[in-house]
Amino acid sequence: MAQYLISVLDDTTDLASAEEMAAIDVFNEQLQADGHWVFAGGLAAPGTATVVDGRAGEPVFTDGPYVESKEHIAGFWIIEAPHLDVALRLAALGSRHCNRRVELRPLLG
C-alpha cells in the first residue's frame, strides 16, 4: 500500500476545541481499526519553530517559521491506502473531523 501525508492547515494558533479533539479521536480510532493508520501528531505554534541550515559549514539557526504565512501546518496524519481514491476519501473525512482544510500528498518510495 502507498503512504500519504495528510497535513492539517490552519489560519489560527488556537488549539482544537474539546469537540474537535473528540471527533479527531474518533477518526484516529477508525483509521487504526481499518488498517490505514501509520502515525499522526499535532504541531506546536509556528512561532516555536527553528529553521536549521547546515548546508555550508557551521549550521545557521533562525528562530521562527520557514515561511511567514497566514496559514500553517497544525498537525498531520501519515496513512496507508491502496490507491489515491481511498486516500482522498480519508483526507475528506480527516478534514471533516478536525474541522480544517487538509492537504494530501503521497510519500515517495
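Me: Which residues is Asn28 in contact with, once neighbours within four places in sequence are left aside?

Reply: With those neighbours set aside, Asn28 is in contact with Trp37 and Trp77; contact means heavy atoms within 4.5 Å. Please keep in mind that this is a predicted model, where local features need pLDDT of at least 70, side-chain atom pairs count only at pLDDT 80 or more, and totals for chains, interfaces and linings use all residues. Residues are numbered from 1 along each chain as its sequence is written, and side-chain values use heavy atoms, with hydrogens and water left out.

Me: Is Asn28 buried or exposed, and what makes you say that?

Reply: Asn28 sits in helix H1, and its relative accessible area is 14%. Buried means under 20% relative accessible area, exposed over 50%, and partly exposed in between (1.4 Å probe, protein chains only). At 14%, Asn28 is therefore buried.

Me: Why are H1 and H2 called roughly antiparallel to each other?

Reply: Their axes come within 8 Å and cross at roughly 155°. Axes are lines fitted to C-alpha atoms, for helices over the stretch in contact, and angles run from 0 to 180 degrees between N-to-C directions. Under 35 degrees counts as roughly parallel, over 145 as roughly antiparallel, 65 to 115 as roughly perpendicular, and the rest as oblique. The two helices are therefore roughly antiparallel.

Me: Which residues of H1 and H2 meet, and of what classes are they?

Reply: Glu20, Ala23, Ile24, Val26, Phe27 and Leu31 in H1 meet Leu90, Leu93, Gly94, His97 and Cys98 in H2. By class, this contact has eight nonpolar, two polar and one charged residues. Ala, Val, Leu, Ile, Met, Phe, Trp, Tyr, Cys and Pro count as nonpolar, Asp, Glu, Lys and Arg as charged, and the others, Gly among them, as polar.

Me: What makes the largest nonpolar core a core, and which members touch the most others?

Reply: A nonpolar core is a set of buried Ala, Val, Leu, Ile, Met, Phe, Trp, Tyr and Cys residues joined through side-chain atoms within 4.5 Å. The largest one has 14 residues, of which Leu31, Trp77 and Ile79 touch the most other members. S1, H1, S5 and H2 each give two or more residues, and H2 gives the most, with five. Leu31 is in contact with His36, Trp37, Trp77, Ile79 and Leu90, neighbours within four places in sequence aside.

Me: Why are strands S2 and S6 said to stand at the edges of their sheet?

Reply: Four strands form an open sheet in the order S2-S5-S1-S6, with antiparallel pairing; two strands pair if DSSP finds at least two bridges between them. S2 (37-42) and S6 (101-106) each have a single partner strand, so one side of each is left without a neighbour in the sheet. Neighbouring strands here are turned by 20° against each other on average, direction ignored.

Me: Is Ser7 buried or exposed, and what surrounds it?

Reply: Ser7 lies in strand S1. Its relative accessibility is 3%, so Ser7 counts as buried. Residues up to four places away not counted, Ser7 touches Ile73, Gly75, Phe76, Arg101, Val102 and Glu103.

Me: What makes the phi of Asn99 worth a look, and is Asn99 buried or exposed?

Reply: Most residues other than glycine have a negative phi. Asn99, in the loop between H2 and S6, has a positive phi near 65°. With a relative accessible area of 54%, Asn99 is exposed.
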